[in-house]
Amino acid sequence: MNARIRLLILGLALLLSACVGGAQKPPKELLSLTDAQMKIRSFQTRAFDAKDQNKVLRGVVAALQDLGFIVERANGPMGLVTAGKFGPNGHGFVQLTVVVRAKGEQQTEVRVNALFNTKPIEDPKVYQNFFIAVERSLFITRG
Amino acid sequence: MRKPPDRFRWLLLLIFGGLLSGCVQQMPKVETFFELTPQSAQHRALQTRMFETPDEKELLSASAAVLQDLGFQIEESSTEVGMLRAAKERGAREYGQEIMQSFIFILSILGQNPVIIPVDVHQQISATLVTRRSETDASRFSVRILFHRSVWKGDGNTGNQHIPPGQQSLEMIYDGKIYQQFFTKLSKSVFLEAHKI
(Lines give C-alpha, C1' and ligand atoms only; values in the text may rest on other atoms or scores of the structure.)
Protein backbone atom coordinates (compact mmCIF):
# COMPACT_ATOMS: atom_id res chain seq x y z
CA MET A 1 0.00 0.00 0.00
CA ASN A 2 1.10 3.48 -0.75
CA ALA A 3 2.66 5.23 2.28
CA ARG A 4 0.48 8.27 1.72
CA ILE A 5 -2.74 6.24 1.85
CA ARG A 6 -1.56 4.53 5.06
CA LEU A 7 -0.96 7.92 6.60
CA LEU A 8 -4.44 9.02 5.54
CA ILE A 9 -6.06 5.97 7.15
CA LEU A 10 -4.12 6.56 10.34
CA GLY A 11 -5.25 10.18 10.37
CA LEU A 12 -8.90 9.23 9.85
CA ALA A 13 -8.71 6.58 12.57
CA LEU A 14 -7.34 9.17 14.98
CA LEU A 15 -10.14 11.59 14.12
CA LEU A 16 -12.77 8.89 14.66
CA SER A 17 -11.26 7.81 17.98
CA ALA A 18 -11.56 11.43 19.15
CA CYS A 19 -15.31 11.22 18.46
CA VAL A 20 -15.63 8.06 20.54
CA GLY A 21 -13.71 9.55 23.47
CA GLY A 22 -15.74 12.76 23.77
CA ALA A 23 -19.20 13.47 25.19
CA GLN A 24 -19.32 10.69 27.74
CA LYS A 25 -20.39 10.58 31.37
CA PRO A 26 -19.00 13.36 33.56
CA PRO A 27 -15.67 12.38 35.11
CA LYS A 28 -15.81 10.84 38.60
CA GLU A 29 -13.45 13.44 40.05
CA LEU A 30 -15.72 16.32 38.95
CA LEU A 31 -16.44 17.47 42.49
CA SER A 32 -13.45 16.10 44.37
CA LEU A 33 -10.66 18.36 45.52
CA THR A 34 -7.27 17.73 43.92
CA ASP A 35 -3.91 18.90 45.22
CA ALA A 36 -3.68 21.39 42.37
CA GLN A 37 -7.02 22.89 43.39
CA MET A 38 -5.90 23.19 47.00
CA LYS A 39 -2.84 25.09 45.81
CA ILE A 40 -4.91 27.42 43.65
CA ARG A 41 -7.23 28.07 46.59
CA SER A 42 -4.28 29.22 48.67
CA PHE A 43 -3.26 31.70 45.92
CA GLN A 44 -6.81 32.95 45.74
CA THR A 45 -7.20 33.60 49.46
CA ARG A 46 -5.68 36.24 51.67
CA ALA A 47 -6.40 37.28 55.24
CA PHE A 48 -6.31 40.93 56.29
CA ASP A 49 -5.94 42.25 59.84
CA ALA A 50 -9.25 44.05 59.82
CA LYS A 51 -12.39 43.28 61.79
CA ASP A 52 -14.82 45.28 59.69
CA GLN A 53 -15.81 43.07 56.75
CA ASN A 54 -17.84 45.79 55.11
CA LYS A 55 -14.81 48.06 55.08
CA VAL A 56 -12.72 45.34 53.46
CA LEU A 57 -15.48 44.68 50.92
CA ARG A 58 -15.57 48.38 50.02
CA GLY A 59 -11.77 48.34 49.75
CA VAL A 60 -12.05 45.46 47.29
CA VAL A 61 -14.64 47.36 45.24
CA ALA A 62 -12.40 50.47 45.19
CA ALA A 63 -9.42 48.32 44.13
CA LEU A 64 -11.48 46.85 41.30
CA GLN A 65 -12.38 50.35 40.13
CA ASP A 66 -8.70 51.32 40.29
CA LEU A 67 -7.92 48.37 38.03
CA GLY A 68 -10.60 49.50 35.59
CA PHE A 69 -13.04 46.68 36.36
CA ILE A 70 -16.77 47.15 35.97
CA VAL A 71 -18.56 46.07 39.13
CA GLU A 72 -21.57 44.10 37.98
CA ARG A 73 -23.12 43.00 41.25
CA ALA A 74 -22.45 43.60 44.92
CA ASN A 75 -24.12 42.09 47.95
CA GLY A 76 -23.15 43.60 51.29
CA PRO A 77 -24.58 41.05 53.76
CA MET A 78 -23.05 38.17 51.78
CA GLY A 79 -19.78 39.99 51.17
CA LEU A 80 -20.01 39.21 47.49
CA VAL A 81 -18.79 41.14 44.45
CA THR A 82 -18.71 40.14 40.79
CA ALA A 83 -16.87 42.23 38.23
CA GLY A 84 -15.59 42.09 34.65
CA LYS A 85 -13.12 43.80 32.36
CA PHE A 86 -12.31 43.78 28.64
CA GLY A 87 -8.72 43.92 27.42
CA PRO A 88 -7.31 46.61 25.10
CA ASN A 89 -9.37 46.99 21.89
CA GLY A 90 -11.98 44.62 23.29
CA HIS A 91 -9.66 41.59 23.16
CA GLY A 92 -9.93 39.12 26.03
CA PHE A 93 -12.37 39.22 28.91
CA VAL A 94 -11.70 38.69 32.61
CA GLN A 95 -14.51 37.93 35.04
CA LEU A 96 -14.12 37.53 38.76
CA THR A 97 -16.02 36.78 41.92
CA VAL A 98 -14.84 37.99 45.32
CA VAL A 99 -16.15 36.74 48.65
CA VAL A 100 -15.26 38.57 51.88
CA ARG A 101 -15.89 36.81 55.19
CA ALA A 102 -14.77 36.83 58.80
CA LYS A 103 -11.75 34.73 59.77
CA GLY A 104 -11.75 34.32 63.53
CA GLU A 105 -12.29 37.37 65.71
CA GLN A 106 -9.67 39.72 64.35
CA GLN A 107 -9.26 38.98 60.68
CA THR A 108 -11.16 39.13 57.41
CA GLU A 109 -10.57 36.69 54.58
CA VAL A 110 -10.79 37.66 50.92
CA ARG A 111 -11.22 34.94 48.35
CA VAL A 112 -11.18 35.69 44.65
CA ASN A 113 -11.49 33.47 41.63
CA ALA A 114 -10.99 34.82 38.17
CA LEU A 115 -11.70 33.59 34.65
CA PHE A 116 -9.93 34.65 31.47
CA ASN A 117 -12.09 34.04 28.39
CA THR A 118 -14.23 31.73 30.58
CA LYS A 119 -11.21 29.59 31.56
CA PRO A 120 -10.07 29.62 35.22
CA ILE A 121 -6.87 31.59 35.83
CA GLU A 122 -4.33 29.44 37.66
CA ASP A 123 -1.34 31.78 37.53
CA PRO A 124 -0.40 32.82 41.11
CA LYS A 125 1.12 36.09 39.80
CA VAL A 126 -2.33 37.28 38.73
CA TYR A 127 -3.75 36.82 42.23
CA GLN A 128 -0.69 38.45 43.81
CA ASN A 129 -1.24 41.53 41.65
CA PHE A 130 -4.90 41.62 42.62
CA PHE A 131 -4.10 41.52 46.34
CA ILE A 132 -1.45 44.23 45.93
CA ALA A 133 -4.19 46.48 44.54
CA VAL A 134 -6.52 45.54 47.44
CA GLU A 135 -3.82 46.25 50.03
CA ARG A 136 -3.15 49.67 48.56
CA SER A 137 -6.81 50.49 48.48
CA LEU A 138 -7.29 49.39 52.10
CA PHE A 139 -4.30 51.05 53.69
CA ILE A 140 -3.49 54.10 51.63
CA THR A 141 -5.33 56.95 53.24
CA ARG A 142 -6.88 59.41 50.90
CA GLY A 143 -7.98 63.01 51.54
CA MET B 1 1.87 17.73 -8.98
CA ARG B 2 4.56 20.29 -9.58
CA LYS B 3 6.55 21.13 -6.48
CA PRO B 4 6.33 24.81 -5.61
CA PRO B 5 9.67 26.55 -5.90
CA ASP B 6 11.65 26.96 -2.69
CA ARG B 7 11.44 30.71 -2.69
CA PHE B 8 7.64 30.56 -2.85
CA ARG B 9 7.55 28.17 0.11
CA TRP B 10 9.67 30.49 2.18
CA LEU B 11 7.38 33.36 1.34
CA LEU B 12 4.36 31.30 2.43
CA LEU B 13 6.04 30.42 5.72
CA LEU B 14 6.90 34.05 6.31
CA ILE B 15 3.33 35.16 5.64
CA PHE B 16 1.89 32.51 7.99
CA GLY B 17 4.45 33.43 10.62
CA GLY B 18 3.44 37.06 10.29
CA LEU B 19 -0.24 36.20 10.58
CA LEU B 20 0.33 34.08 13.69
CA SER B 21 2.42 36.76 15.39
CA GLY B 22 -0.46 39.13 14.68
CA CYS B 23 -2.76 36.86 16.70
CA VAL B 24 -0.27 36.72 19.55
CA GLN B 25 -0.06 40.48 19.81
CA GLN B 26 -3.81 40.92 19.82
CA MET B 27 -4.46 38.72 22.86
CA PRO B 28 -3.27 40.64 25.93
CA LYS B 29 -1.45 38.85 28.74
CA VAL B 30 -3.72 38.01 31.63
CA GLU B 31 -1.35 39.49 34.27
CA THR B 32 -1.82 42.93 32.74
CA PHE B 33 -5.50 42.91 33.74
CA PHE B 34 -4.52 43.11 37.41
CA GLU B 35 -1.71 45.63 37.30
CA LEU B 36 -2.06 49.26 38.28
CA THR B 37 -0.80 51.43 35.44
CA PRO B 38 0.65 54.95 35.56
CA GLN B 39 -2.74 56.12 34.25
CA SER B 40 -4.65 54.53 37.17
CA ALA B 41 -4.14 57.57 39.42
CA GLN B 42 -5.16 59.99 36.65
CA HIS B 43 -8.30 58.02 35.97
CA ARG B 44 -9.11 57.96 39.66
CA ALA B 45 -8.80 61.74 39.86
CA LEU B 46 -10.99 62.14 36.79
CA GLN B 47 -13.69 59.82 38.10
CA THR B 48 -13.78 60.78 41.79
CA ARG B 49 -15.11 63.76 43.76
CA MET B 50 -15.36 64.30 47.53
CA PHE B 51 -18.55 65.58 49.12
CA GLU B 52 -18.75 67.04 52.61
CA THR B 53 -21.66 65.06 53.88
CA PRO B 54 -21.92 62.18 56.34
CA ASP B 55 -25.12 60.97 54.65
CA GLU B 56 -24.19 58.22 52.23
CA LYS B 57 -27.76 57.20 51.39
CA GLU B 58 -28.59 60.76 50.36
CA LEU B 59 -25.54 60.79 48.05
CA LEU B 60 -26.55 57.47 46.52
CA SER B 61 -30.16 58.39 45.90
CA ALA B 62 -29.16 61.79 44.51
CA SER B 63 -26.72 59.98 42.18
CA ALA B 64 -29.50 57.65 41.05
CA ALA B 65 -31.72 60.68 40.37
CA VAL B 66 -29.00 62.39 38.31
CA LEU B 67 -28.42 59.21 36.30
CA GLN B 68 -32.18 59.02 35.67
CA ASP B 69 -32.15 62.64 34.49
CA LEU B 70 -29.40 61.69 32.05
CA GLY B 71 -31.62 58.93 30.64
CA PHE B 72 -30.07 55.95 32.43
CA GLN B 73 -31.98 52.97 33.81
CA ILE B 74 -30.75 51.76 37.21
CA GLU B 75 -29.94 48.06 36.89
CA GLU B 76 -28.28 47.20 40.17
CA SER B 77 -27.97 48.86 43.55
CA SER B 78 -26.60 48.02 46.97
CA THR B 79 -26.73 50.44 49.89
CA GLU B 80 -24.53 48.22 52.07
CA VAL B 81 -21.70 48.49 49.56
CA GLY B 82 -22.64 51.94 48.29
CA MET B 83 -22.91 50.92 44.67
CA LEU B 84 -25.13 51.68 41.66
CA ARG B 85 -25.03 50.35 38.13
CA ALA B 86 -27.03 51.98 35.35
CA ALA B 87 -27.24 51.78 31.56
CA LYS B 88 -28.81 53.45 28.57
CA GLU B 89 -29.24 52.25 25.02
CA ARG B 90 -28.42 54.45 22.05
CA GLY B 91 -27.90 54.22 18.31
CA ALA B 92 -24.22 54.14 17.34
CA ARG B 93 -24.31 55.07 13.66
CA GLU B 94 -21.52 57.38 12.58
CA TYR B 95 -21.27 59.17 9.23
CA GLY B 96 -17.55 58.41 8.89
CA GLN B 97 -18.09 54.65 9.13
CA GLU B 98 -20.99 54.66 6.67
CA ILE B 99 -19.07 56.76 4.13
CA MET B 100 -16.20 54.25 4.45
CA GLN B 101 -18.65 51.37 4.04
CA SER B 102 -20.13 52.86 0.83
CA PHE B 103 -16.67 53.70 -0.51
CA ILE B 104 -15.42 50.15 -0.05
CA PHE B 105 -18.70 48.77 -1.43
CA ILE B 106 -18.34 50.82 -4.66
CA LEU B 107 -14.66 49.85 -5.00
CA SER B 108 -15.48 46.17 -4.46
CA ILE B 109 -18.29 46.24 -7.07
CA LEU B 110 -15.68 47.31 -9.63
CA GLY B 111 -13.79 44.16 -8.66
CA GLN B 112 -17.09 42.20 -9.06
CA ASN B 113 -17.05 41.02 -5.45
CA PRO B 114 -19.35 43.20 -3.34
CA VAL B 115 -17.84 43.73 0.10
CA ILE B 116 -19.93 45.31 2.86
CA ILE B 117 -17.92 46.00 6.01
CA PRO B 118 -19.96 45.84 9.24
CA VAL B 119 -20.50 49.23 10.92
CA ASP B 120 -21.49 50.12 14.49
CA VAL B 121 -25.28 50.13 14.82
CA HIS B 122 -26.07 49.99 18.50
CA GLN B 123 -24.42 50.97 21.77
CA GLN B 124 -25.08 50.68 25.46
CA ILE B 125 -23.59 53.32 27.73
CA SER B 126 -23.13 52.06 31.28
CA ALA B 127 -22.16 53.70 34.52
CA THR B 128 -20.89 52.09 37.71
CA LEU B 129 -20.95 54.36 40.75
CA VAL B 130 -19.42 53.65 44.16
CA THR B 131 -19.54 55.78 47.31
CA ARG B 132 -16.93 55.39 50.04
CA ARG B 133 -16.29 57.10 53.37
CA SER B 134 -13.07 59.10 53.51
CA GLU B 135 -10.33 57.34 55.49
CA THR B 136 -9.21 60.54 57.16
CA ASP B 137 -12.45 62.44 57.65
CA ALA B 138 -15.60 60.51 58.58
CA SER B 139 -17.82 63.42 57.55
CA ARG B 140 -16.77 63.19 53.90
CA PHE B 141 -17.72 60.73 51.22
CA SER B 142 -16.10 60.12 47.88
CA VAL B 143 -18.16 59.29 44.79
CA ARG B 144 -16.43 57.47 42.00
CA ILE B 145 -18.16 56.79 38.69
CA LEU B 146 -16.90 54.80 35.69
CA PHE B 147 -18.54 55.28 32.31
CA HIS B 148 -18.03 52.73 29.58
CA ARG B 149 -19.78 51.72 26.38
CA SER B 150 -20.44 48.48 24.54
CA VAL B 151 -20.85 48.72 20.79
CA TRP B 152 -22.53 46.17 18.53
CA LYS B 153 -21.82 45.95 14.82
CA GLY B 154 -24.39 45.20 12.12
CA ASP B 155 -24.00 42.53 9.46
CA GLY B 156 -21.77 42.64 6.42
CA ASN B 157 -20.44 40.69 3.49
CA THR B 158 -16.94 39.68 2.49
CA GLY B 159 -17.81 39.13 -1.16
CA ASN B 160 -18.72 35.46 -0.94
CA GLN B 161 -19.53 35.09 2.74
CA HIS B 162 -22.11 36.75 4.97
CA ILE B 163 -20.80 38.29 8.21
CA PRO B 164 -23.44 37.85 10.93
CA PRO B 165 -24.35 40.90 13.05
CA GLY B 166 -23.59 41.17 16.75
CA GLN B 167 -19.82 41.55 16.92
CA GLN B 168 -19.28 43.35 20.22
CA SER B 169 -16.59 45.61 21.56
CA LEU B 170 -16.26 47.48 24.81
CA GLU B 171 -14.37 50.63 25.68
CA MET B 172 -13.94 52.74 28.79
CA ILE B 173 -14.84 56.42 28.49
CA TYR B 174 -12.12 58.81 29.69
CA ASP B 175 -13.59 62.03 28.33
CA GLY B 176 -13.22 64.59 31.12
CA LYS B 177 -16.30 66.58 30.00
CA ILE B 178 -18.67 63.69 30.61
CA TYR B 179 -17.43 63.23 34.19
CA GLN B 180 -17.46 66.97 34.77
CA GLN B 181 -21.06 67.15 33.56
CA PHE B 182 -22.16 64.35 35.85
CA PHE B 183 -20.50 65.79 38.96
CA THR B 184 -21.84 69.29 38.27
CA LYS B 185 -25.37 67.89 38.18
CA LEU B 186 -24.75 65.78 41.29
CA SER B 187 -23.44 68.70 43.34
CA LYS B 188 -26.47 70.78 42.36
CA SER B 189 -28.73 67.91 43.34
CA VAL B 190 -27.25 67.52 46.85
CA PHE B 191 -26.63 71.29 47.33
CA LEU B 192 -22.97 70.52 48.03
CA GLU B 193 -19.75 71.42 46.37
CA ALA B 194 -17.83 68.61 44.69
CA HIS B 195 -14.15 68.66 45.64
CA LYS B 196 -11.47 67.19 43.45
CA ILE B 197 -9.23 64.62 45.12
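# Close-up views of a predicted two-chain model

**View 1. Phe130(A) and its contacts.** Phe130(A) touches Val60(A), Leu64(A), Leu67(A), Val98(A) and Val112(A), and also Phe34(B). Neighbours up to four places away in sequence are left out of this list. The model is predicted.

**View 2. The largest nonpolar core.** This core holds 35 residues. Leu96(A), Val98(A), Phe130(A) and Phe34(B) have the most contacts inside it. Six elements are listed as giving two or more residues: α3 (53-66), β2 (70-75), β3 (80-86), β4 (93-103), β5 (107-116) and α4 (124-139), in chain A. Helix α4(A) gives the largest share, seven residues.

**View 3. Helix α5 of chain B.** Helix α5(B) spans residues 176-190, 15 residues in all. From first C-alpha to last, α5(B) reaches 21 Å. That is close to the 21 Å expected at 1.5 Å a residue. The buried residues of α5(B) are Tyr179(B), Phe182(B), Phe183(B), Leu186(B), Ser187(B) and Val190(B).

**View 4. What covers α5(B), and what follows it.** The cover over the buried residues of α5(B) includes helices α2 (38-47) and α3 (56-69) of chain B. Strands β1 (48-51), β4 (120-133), β5 (141-153) and β9 (194-196) of chain B are also included in that cover. Phe191(B) follows α5(B). The phi of Phe191(B) is positive, near 55 degrees.

**View 5. A salt bridge between the chains.** The side chains of Asp66(A) and Arg144(B) meet in a salt bridge, at 2.7 Å from N to O. This pair crosses between chains. Asp66(A) sits in helix α3 of chain A, and Arg144(B) in strand β5 of chain B. Both Asp66(A) and Arg144(B) are buried. A network of salt bridges links Asp66(A), Arg144(B) and Arg44(B). Over all chains, the structure holds nine salt bridges.

**View 6. Arg85(B) and Glu75(B).** Arg85(B) forms a salt bridge with Glu75(B), and their closest N and O atoms are 3.2 Å apart. The pair links distant parts of the chain, 10 residues apart. Arg85(B) lies in strand β3 (residues 83-91) of chain B, Glu75(B) in strand β2 (residues 73-78) of chain B. Is Arg85(B) buried or exposed? At 16% relative accessibility, Arg85(B) counts as buried, since the cut-off is under 20%. Glu75(B) has a relative accessible area of 44% and is partly exposed.

**View 7. Arg149(B) and Glu171(B).** A salt bridge joins the side chains of Arg149(B) and Glu171(B), at 2.8 Å from N to O. Arg149(B) lies in strand β5 of chain B and Glu171(B) in strand β8 (residues 168-172) of chain B, so the pair ties together parts 22 residues apart in sequence. Arg149(B) counts as buried, at 17% relative accessibility. Glu171(B) counts as partly exposed, at 39% relative accessibility.

Key. Residues numbered from 1 in each chain as written. Chains lettered and ligands numbered in written order. Predicted model: local features only at pLDDT ≥ 70, side-chain atom pairs only at ≥ 80, totals over all residues. Heavy atoms only, no water. Helix = DSSP H or I, 4+ residues; strand = E, 2+ residues; numbered from the N terminus. Expected span 1.5 Å × (residues − 1). Buried < 20%, exposed > 50% of the residue type's maximum accessible area, 1.4 Å probe, protein only. Contact = heavy atoms within 4.5 Å. Core = buried A, V, L, I, M, F, W, Y, C linked by side-chain atoms within 4.5 Å. Salt bridge = Lys/Arg side-chain N within 4 Å of Asp/Glu carboxyl O.
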